[in-house]
Amino acid sequence: MASSSEIRESFLRFFAEREHERVASGPLVPPNDPTLMFANAGMVQFKDVFTGKESRPYSRATSSQKCIRISGKHNDLENVGVTARHHTFFEMLGNFSFGNYFKQDAIKFAWDYFIDTLGLDPERLVVTVFGGEEGFAPADDEAAAIWKDVTGFPDERIIRCGAKDNFWQMGDTGPCGPCSEIHYCLGLDDIDPRTFGEEPAADGRGWFELWNLVFMQFERHAGGRMDPLPAPSIDTGAGLERIAVVKQGVLSNYDTDLLRPIVDLASEISGKRYRASQSEDDVSMRVIADHARTTAFLISEGVFPDKEGRAYVLRRVMRRAIRHGHRLGIHEPFLHHCALRVVEDMGDVYPQLVERRALIDEITQQEEERFRRTLDRGLQLISDNKEWIDAGGARSLPGKVAFKLYDTYGFPLDLQNVIGEEQGFDVDHAGFDAELAQARQRSQGSKVG
């Protein structure tokens, strides 16, 4: 058993003792980087160091990075609350080498931390390496040989995978390279490496990734060209929430001390018991817990809910949480209470949460009060709507109506989809996209005029 704070500190201390500079988390909104909406990995703040555009007074670093994956290449929004692992906000533990050490040391460090420091059972672990793929790189036989030497694993526990799983890149452009993942088998007595690759059970039992070791060797440019980096480097990422699952003896990230207090608060506010199941109520409580963290952190960094860009992403997240509260029968503003619980639980590690506590409270309440009026109006409009498409007996909300709900009343399309699933109708996405394109053309025309 170990608290998330103890795990975070043990990781940073382990690498600090091995001559890594302890570096604070970079911001969620990357400065001067138009290729990313949010920091989606620990290496984001070191991107220019890897490519040689920036130098630092150290060649080894370690950090616990705030991350959001909700846009672009990494978008986990629809899986949040449904699976045991997916989040919009999470923390990524990492160690980095800028031309200082490479595969041998990275693999040995990872193994020593997991086995000697955390005391994980090696019988519950398998590793993956890049098996080679045209357009990326040859098979990483070197990493496979190092793993075999360090762990003594037989070949069947060193699994070769393609680029989808074992070639990492932060986006369409930027530093990249083959990677090697460490996977853990959770909650099963019969540990069979042959079942690796199967989706974990709904409650989280089965194989899941704990740590990804990226062997940074290339920079990918627009158009797909890859050039070698100035020096081979290391970028690793281990999910704090996932390690907490293993060390705290639970099956789901939402049952760790990072998220369960917020889940329990949502349960208390709604008056419904949380049963850690796949019921709609439990999914809604998990969504609220996840989205409350994203809400608190983004507001603390000066992102406020609005109509475009990052501000719209935040609004969408907040309104999804509020909608799930509505489904739970919560009739009064509640999300600010959950966001403030995030401040209480994580403010010692991220002091900007405490510094901007009043702002988080105010902005969250204002947005919920505004959206509750919108939600009631939108539900009424759907109820009163007479314009339905009937395709083979299946009802579909016309794109024109869906766009009006979005454009006039601020009713996000994904929430219309959720309501459609509840009430038995689809949404005409093609029609919605056509209306949106026409609206953008009219907007551009008005600017020219």
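Are Tyr58 and Phe98 buried or exposed? To find out, keep in mind that the model in your viewer is a predicted one, and begin by selecting these two residues: Tyr58 is buried, and so is Phe98.

**First stop: two ring pairs**

With Tyr58 and Phe98 still selected, look at their rings, which form a tilted aromatic pair with 6.4 Å from centre to centre and 45° between the planes. The pair links distant parts of the chain, since Tyr58 sits in the loop between helix H2 (47-51) and strand E2 (60-68), while Phe98 sits in the loop between strand E5 (89-97) and helix H3 (103-117), 40 residues apart.

Next, select Phe89 and Phe297, whose ring centres are 4.3 Å apart and whose planes meet at 15°, so this pair is stacked. Because Phe89 belongs to strand E5 and Phe297 to helix H8 (residues 280-300), the pair ties together parts that lie 208 residues apart in sequence. Phe89 is buried, and Phe297 is buried as well.

**Second stop: a cluster of rings**

Select Phe11, Phe14, Phe15, Tyr101, Phe109, Tyr113, Phe114 and Trp211 together, and you will have a cluster that is linked by ring pairs.

**Third stop: two packed helices**

Two packed helices are described by the angle between their axes and the distance between the axes. Now select helix H12 (residues 357-384) and helix H14 (residues 413-423), which pack at an angle of about 50° with their axes 12 Å apart. That angle is why H12 counts as oblique to H14, and the crossing in which H12 passes H14 is right-handed. To see where they touch, show the side chains of Phe371, Leu379 and Ile382 in H12, which meet Leu415, Ile419 and Gln423 in H14. Sorted by class, this contact of H12 with H14 has five nonpolar residues, one polar residue and no charged ones.

**Last stop: two residues with positive phi**

Select Glu19, which is not a glycine and yet has a positive phi of about 65°, and which you will find in the loop between helix H1 (4-16) and strand E1 (21-22). Glu19 has a relative accessible area of 65%, and therefore it is exposed.

Finally, move to Ala276, in the loop between helix H7 (260-270) and H8. Although Ala276 is not a glycine, its phi is positive, at about 55°, and with a relative accessibility of 41% Ala276 counts as partly exposed.

Notes: Residues are numbered from 1 along each chain as its sequence is written. This is a predicted model: local features need pLDDT of at least 70, side-chain atom pairs count only at pLDDT 80 or more; totals for chains, interfaces and linings use all residues. Side-chain values use heavy atoms; hydrogens and water are left out. Axes are lines fitted to C-alpha atoms, for helices over the stretch in contact, and angles run from 0 to 180 degrees between N-to-C directions. Helices (H or I, at least four residues) and strands (E, at least two) are DSSP runs, numbered from the N terminus. Angles under 35 degrees count as roughly parallel, over 145 as roughly antiparallel, 65 to 115 as roughly perpendicular and the rest as oblique. A crossing is left-handed if the near helix is turned anticlockwise from the far one by less than a right angle, and right-handed if clockwise. Contact means heavy atoms within 4.5 Å. Ala, Val, Leu, Ile, Met, Phe, Trp, Tyr, Cys and Pro count as nonpolar, Asp, Glu, Lys and Arg as charged, and the others, Gly among them, as polar. Rings of Phe, Tyr and Trp (its six-membered ring) pair if their centres lie within 6.5 Å; planes under 30 degrees apart count as stacked, over 60 as edge-to-face and the rest as tilted. Buried means under 20% relative accessible area, exposed over 50%, partly exposed in between (1.4 Å probe, protein chains only).
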